[in-house]
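Hi,

Here is the structure I said I would pass on. Have a look at it first, and my notes follow below.

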Amino acid sequence: MTARIAGNDYRSLTPPALGSWTPSLRVSVVVPAYGDQEKLDLALAGLASQTYPAALTEVVVVDNGSSPPLRLPALRPADTRLIVCPVPGRAHARNAGLAAATGDVIHWLDSDVVLDRRSVEAHMRWHHAAPYLVVTGYLRFTPAGLPAPEVVAAADDLAKLFEPAEPHAWLVDLVERTDGLTANPHRAFSLHVGGATSVNAALLAVAGPMDTDLILGQDTEMGYRLAQAGAVFVPEPLSRAFHLGPTMRMRDKAPIDRVSHAFVADRIPSYRWLRSHPARQWKVPYVEVVVEPAGRPGKGYTYDEVRATVDAVLAGTLPDVAVTLTGSWDRVGAEGRAPLKNPDLDLVLIRGHYAHEPRVRFAQEVSAAPAAPALPPDRPGGSTAPASPAWAVPYRLRLPAGWVPGEDTLARLLDLAREEGYGLVSVLLAEEDDDAAGGDGGAGGPAGTGTAGTETAGTGRAVVRARLERAAAFARAAIVLEEGEDLDDAVDDTFGVIWVDGETYGFAPEAGVLTGRRGAYRARAEAAAEVARLTKEAERLREQVAKWRDEAGRWRRSTVELRREVGTLRKELAAARKVVQYGLLSSVKRVITRRR
């Protein structure tokens, strides 16, 4: 039974301790090189002293057009070959080495990297635990002088030769802030770096070779395709290596990022921050929407249903989308004299309507799930076929024709799948009586077949659903799938499955009014004008409030003054009363005195 790993949590595996196990897999170390014979000699000296069995190790050195040509030194692993790739470029050299390799595992190694003697063994113990791993060791960059190859081969601890050295800071930071790549599996593929990474050869054959059209960023792009093929990425701290000198990225990170981002944005949809443009299209879309017949016997496409669905998809808030229409398009030929009597008229209308829309393609069928084929027992020797473009699309939404997503529906479903890490989001669109649905589920098929449409729930009710499938999840499920097991169940084990209500996410059974770009622009313009008006009104009210506050301050000061005046008058009045009272009392006393 193939080990099952949920997400990128490789911690469920327990690799054997170094030196305490018996390996059986062969490893091919592919070393592309261009000049710098002295550093290549040290890299091969480090490989010559590995603890992994020499009988299970081959080394393929690829001379990428060096002048003078490179040679193999005397101190090297026993099974070492030198081949020549005259086409310049590291990607071409790696592909040449990959085509020549025969091992169960491919270990990329730069010609200026010296491996610790336990490094290959540290990698290989993981590959014996599961057949879909990508393992990366820890590099340190040393400014130390170059020792003799014999010194490197005899060293038990390379740190004594090459420290002090700098760590691969970017990689260390990525691992630490993602809890060893387990907390954010969407970025795990970034760990695939060519300096010291090993990949299961069968998995690599499925994902395809290096993209030679890229100037920079080939390692990351290949890592993305490996993730799409179901890979789990493992950082291995026990695999240590020293890079002889600083990397190009350490010297010129900003200009390198500028160049690589210009190309990888087209090929890695997961790098959402590189796709900030609100309307443009990319080589690999973020999601493919497969519009299928409604799923009832005898009911295929109708032009009106398809147009309602497709137009809503293309008008949504997520422009990074492609649409595939499945059907018998081979029946659609040149129209005759009686088009209204054509039994395939709806197909003719659909194809004619979207023939020149670059985001819509026509296909006879689409596989049940966007999954990689199961890993073959034996790797096809020399296979360098590139991955199918459909593979690289991270998500696929299967949607029955006639069901219309809301403007933000697709983006919300993708947010749910990405943020929670689900491999499958099943959307309940409707429930119908089994008789009304056509009895046995029709073209939708039973649960777990990977199609949208209508399926029988087993309770006399038929369920109409859509499916948002994550390609990497189905690829992983295909690898670990056991005989007789439902593919959706394997997806649930490795990534998780959830059901959601279609109405809650904005699906409707009929077309609505599309906003359109100009309508959206006008709405934004009106909103901006309203904001400006309200801002101006708020400013006026703030000025009025300030005026009222000043007026209130004046009234408060006047009140204080009046209170003081009233106090003074009260005092004066009291004094006057005393004078009057005293004068009156004196007069009374005088009168009384006289009468006596």
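A word on naming: helices (H or I, at least four residues) and strands (E, at least two) are DSSP runs, numbered from the N terminus. This is a predicted model, so local features need pLDDT of at least 70 and side-chain atom pairs count only at pLDDT 80 or more, while totals for chains, interfaces and linings use all residues. Residues are numbered from 1 along each chain as its sequence is written, and side-chain values use heavy atoms, with hydrogens and water left out.

Most residues other than glycine have a negative phi, and most peptide bonds are trans. Pro 164 sits in the loop between helix H5 (159–162) and strand E7 (166–167), and the bond joining Glu 163 to Pro 164 is cis, with omega about 0°. Ser 67 and Pro 68 are also joined by a cis peptide bond, again with omega about 0°. You will find Pro 68 in the loop between strand E2 (57–63) and strand E3 (80–84).

Next, the loop between helix H6 (169–177) and strand E8 (196–200), where Thr 178 is placed. For burial I use relative accessible area: buried is under 20%, exposed is over 50%, and partly exposed is in between (1.4 Å probe, protein chains only). Thr 178 is buried, at 3%. A polar atom of its side chain lies 2.6 Å from the backbone oxygen of Leu 174. That falls under polar contacts (a pair of N or O atoms within 3.5 Å; within protein, one must be able to donate a hydrogen and the other to accept it, and residues adjacent in sequence count only if both atoms are side-chain atoms). Not counting residues up to four places away in sequence, Thr 178 touches Ala 183 and Asn 184, where contact means heavy atoms within 4.5 Å.

Asp 179 is in the loop between H6 and E8 and has a positive phi of about 50°, although it is not a glycine. Leu 181 lies in that loop between H6 and E8 too, with a positive phi near 75°. Are these two buried or exposed? Asp 179 is partly exposed, with a relative accessible area of 45%, whereas Leu 181 is buried at 0%.

Now the empty space. Rolling a probe the size of a water molecule over the atoms shows where empty space is left. On a 1 Å grid over the protein atoms alone, a cavity is a set of points where a 1.4 Å probe fits but cannot get out, and lining residues have an atom within 4 Å of a point. Grid points are joined across faces, edges and corners, and a volume is the space filled by probe spheres set on the points. The search of the whole structure turns up four cavities of 30 Å³ or more.

The largest cavity has a volume of about 190 Å³. Its lining is made of 19 residues, and those nearest the centre are Pro 185, His 186, Ala 227, Arg 470 and Ala 472. Helix H8 (218–228) and helix H16 (471–480) each supply at least two lining residues, with H8 giving the most, three. By class, that lining has eleven nonpolar, five polar and three charged residues (Ala, Val, Leu, Ile, Met, Phe, Trp, Tyr, Cys and Pro count as nonpolar, Asp, Glu, Lys and Arg as charged, and the others, Gly among them, as polar).

The second largest cavity has a volume of about 80 Å³. It is lined by 14 residues, with Val 313, Pro 405, Gly 406, Thr 409 and Leu 410 closest to its centre. Helix H11 (303–314) and helix H14 (409–420) are the elements giving two or more residues to this lining, and the largest share, three residues, comes from H14.

Cheers

Key:
On a 1 Å grid over the protein atoms alone, a cavity is a set of points where a 1.4 Å probe fits but cannot get out, and a pocket is an open set with protein on both sides within 12 Å along at least five of seven lines; lining residues have an atom within 4 Å of a point.
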